[in-house]
Amino acid sequence: FCEFNNRDHRTDLNGVDRLIVRRGQPFTVSLYLRSGLYQPGVNALDCIAETGPQPSEQYGTRASFGLSANIDTSRWSAAVTSPPGNMVALSICSAPDAPIGRYTLTLGQSARIEFILLFNPWCPGDAVYMDNEQSLAEYVLSQDGIIFRGSYKYPIPTPWNFGQFENGILDICLRILDMNPKCLKNPGKDCSGRRNPIYVSRVLSAMVNCNDDKGVLLGRWTDDYDGGVSPMFWRGSVEILRNWETQACQPVRYGQCWVFAAVACSVSRALGIPCRVVTNYLSAHDTNSNLTIERYIDENGDLIKSREMIWNYHCWVESWMTRPDLKPDFNGWQASDPTPQEKSEGVYCCGPIPLRAIKEGELIFKYDAPFVFAEVNADIITFMKKKDGSTSTVTNNTIVGQKISTKSVGSDAREDITHLYKFPEGSDEEREAFKRANHQNKLLKQQQNQGLHLTIKVTADMRKGCDFDVFAVVTNNTQSEKKCRLVFGSCALSYNGFMGANCGFKDLLNVELQPGGERRVPLRLNYSKYGDNLTEDNLIRLAALLLDYSTGEATLAVRNIVLENPEIKIRILGEPKENRKLAAELTLKNPLPEPLENCCFSIEGANLTGGHVISERLGSSVGPGEDAKVKVYFTPTHSGLRKLVVDFDSTKLCHVKGYRNVIIGK
């Protein structure tokens, strides 16, 4: 009864041509007897459930059980639910802690049933149990979502097609587990470990990147994407996972943090683990576990390259589960990071670690608490290297771990979850957490010098293709006149903190400020200067360095700005119904003062485009201020609320994203 069982177990979007069930929940099978009738209390039936290449009762990958009067949902059990006759209806239930994966169920001497067993967040006995239907609809069943990029001052929602129920994706997810080095080394032990979502999420953290194994994605953080495509190219996980499988488990080129996190989220949801992608703005990469990021700048305020970086944003995933390996009260959301940054137990993986452990500074808890704690709490110390070789400390007010964000349940709005990772800045609870984490720099940090105050202000209208001003604002809070030097510069920036070419520069040697006075210094950013220098992230780093001649003290203000891409307008033509051809009219106005060549629109959507990307290329260039417009046709396969993800690409305007929610009727 695949259709009935799969619908009952909320796996029917995977298809109803085979049995896919969740653990700890009964499913129904019928046996047609070759001879005789079933008689309660007289006939017996031996049942054996096995998974993995070396099934073993010791490892929990083999279970033997017989018929019971009633189903027992706490263990493998079977019960007859039909009256005596030559057809026997059986209700069968797996243990809520059984290993997930492919199973063979042998009934008696001859009946064999194959099925796939998944985690069950609807089952109170399962370690991934979540007691909220709206959250389950979002974190397990939703096939699309929003990932936040941009900057903490201007978070940009980017649509993503997780597609965990698309054709063939579940099989690929199970193959990822089978290809992990622990399984290849000891398959019996690995299959046994799949009862535990802690183990599975840690395996996925390692297998989504390919640094130690036959993992899914190869990371690349330069502008050279030879042999693959830019991480900005991807609109969803389906194409990535299918490419990995068809390429004989060779890594797909290329990914960056949001792509790694999105693929990990797709695989987790496919296996039944509630999962979400989160974004941490101004995220620290601490390489030596001292909870401090030491940065060096030159006398123009430009960063000197270092392994320790502040990423403009960084994405990872959170998975919902209990933590019986830790002391009580650390259940719930656990952070894991599939982006390969540092090794954990000799492997490029990170987590899972309870969010509460990060918040309370419990850095001895498994796994990788110090690294994640530093990502949201590290202190920044800035030094200026002078031409004579000497260094001096620079005052800098940058605080890492800003606006930690995820998609809201049931809407595309941004939910700020910073409070799950950090106590309020300056609170007694924060100080206690720092004491517990031995975060001496934060504990000892004195109030910043309030004499000269330096900030960077921007205008509201900063669109790609426009010329605009930014401002360094200097305030003299002292009782005496001040003479200063102000260096104000800008450069292209990648999201992980690497700086590119200069976009505009100003050096004022004699800035005079009266007591209580303020000076507002503009810097003009022209498209003719920044246009060819921008990375695909559309980020520009603004840095103002103020040198007080009277004291020799230096103050640094840094602000990363993101330039807006034009909007893609999406118009649905006709009444959206399942299995009926539908058209979308896509329009984008060229905002640049130069023509766009090789323009192409692409669309993708779970249960909308058949698990494929549909592309439509324009036959001619699009001049400044003109519209690029196409019609794209697709056939929805399932009713409900679906997200149509759109990408526009051209020579000068790359990977512009848009989306529209479409309600598909029956």
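Before listing any lining, I note what I count: a cavity is a set of grid points where a 1.4 Å probe fits but cannot get out, and a lining residue has an atom within 4 Å of one of those points. I also keep in mind that this is a predicted model.

**Entry 1: cavities**

I searched for cavities of 30 Å³ or more and got three. What lines the largest cavity? I find Glu138, Tyr139, Asp144, Gly145, Ile146, Phe162, Arg269, Arg276, Val277, Thr406 and Lys407. Helix 2 (133–141), strand 10 (144–151), strand 14 (275–285) and strand 22 (402–407) each give two or more residues to that lining. Strand 10 has the largest share, with three residues. By class I get five charged, four nonpolar and two polar residues.

The second largest cavity holds about 60 Å³. Its lining includes Phe373, Tyr421, Phe423 and Phe434, along with Lys359, Lys422 and Glu430. Helix 12 (428–436) is among the elements that supply at least two residues here, and so are helix 9 (355–360) and helix 10 (369–377). Helix 12 gives the most, with three residues. I sorted this lining into six nonpolar, three charged and one polar residue.

**Entry 2: Arg276, back from the cavity list**

Arg276, which I had listed in the lining of the largest cavity, also forms a salt bridge with Glu318, at 2.7 Å from N to O. Arg276 lies in strand 14 and Glu318 in strand 17 (residues 309–321), so this pair ties together parts 42 residues apart in sequence. Both residues are buried.

**Entry 3: other salt bridges**

My search of the whole structure gave 34 salt bridges. I looked up Asp97 with Arg195, where the closest N and O atoms are 3.9 Å apart. Asp97 is in the loop between strands 7 and 8 and Arg195 in the loop between helices 5 and 6, so the pair ties together parts 98 residues apart in sequence. Asp97 is partly exposed at 40% relative accessibility, and Arg195 is partly exposed at 28%.

I then checked Lys657 with Asp647, and the closest N and O atoms are 2.6 Å apart. Lys657 is in strand 37 and Asp647 in strand 36, ten residues apart. Lys657 is partly exposed at 21%, whereas Asp647 is buried at 3%.

Key:
Residues are numbered from 1 along each chain as its sequence is written. This is a predicted model: local features need pLDDT of at least 70, side-chain atom pairs count only at pLDDT 80 or more; totals for chains, interfaces and linings use all residues. Side-chain values use heavy atoms; hydrogens and water are left out. On a 1 Å grid over the protein atoms alone, a cavity is a set of points where a 1.4 Å probe fits but cannot get out, and a pocket is an open set with protein on both sides within 12 Å along at least five of seven lines; lining residues have an atom within 4 Å of a point. Grid points are joined across faces, edges and corners, and a volume is the space filled by probe spheres set on the points. Helices (H or I, at least four residues) and strands (E, at least two) are DSSP runs, numbered from the N terminus. Ala, Val, Leu, Ile, Met, Phe, Trp, Tyr, Cys and Pro count as nonpolar, Asp, Glu, Lys and Arg as charged, and the others, Gly among them, as polar. A salt bridge is a side-chain nitrogen of Lys or Arg within 4 Å of a carboxyl oxygen of Asp or Glu. Buried means under 20% relative accessible area, exposed over 50%, partly exposed in between (1.4 Å probe, protein chains only).
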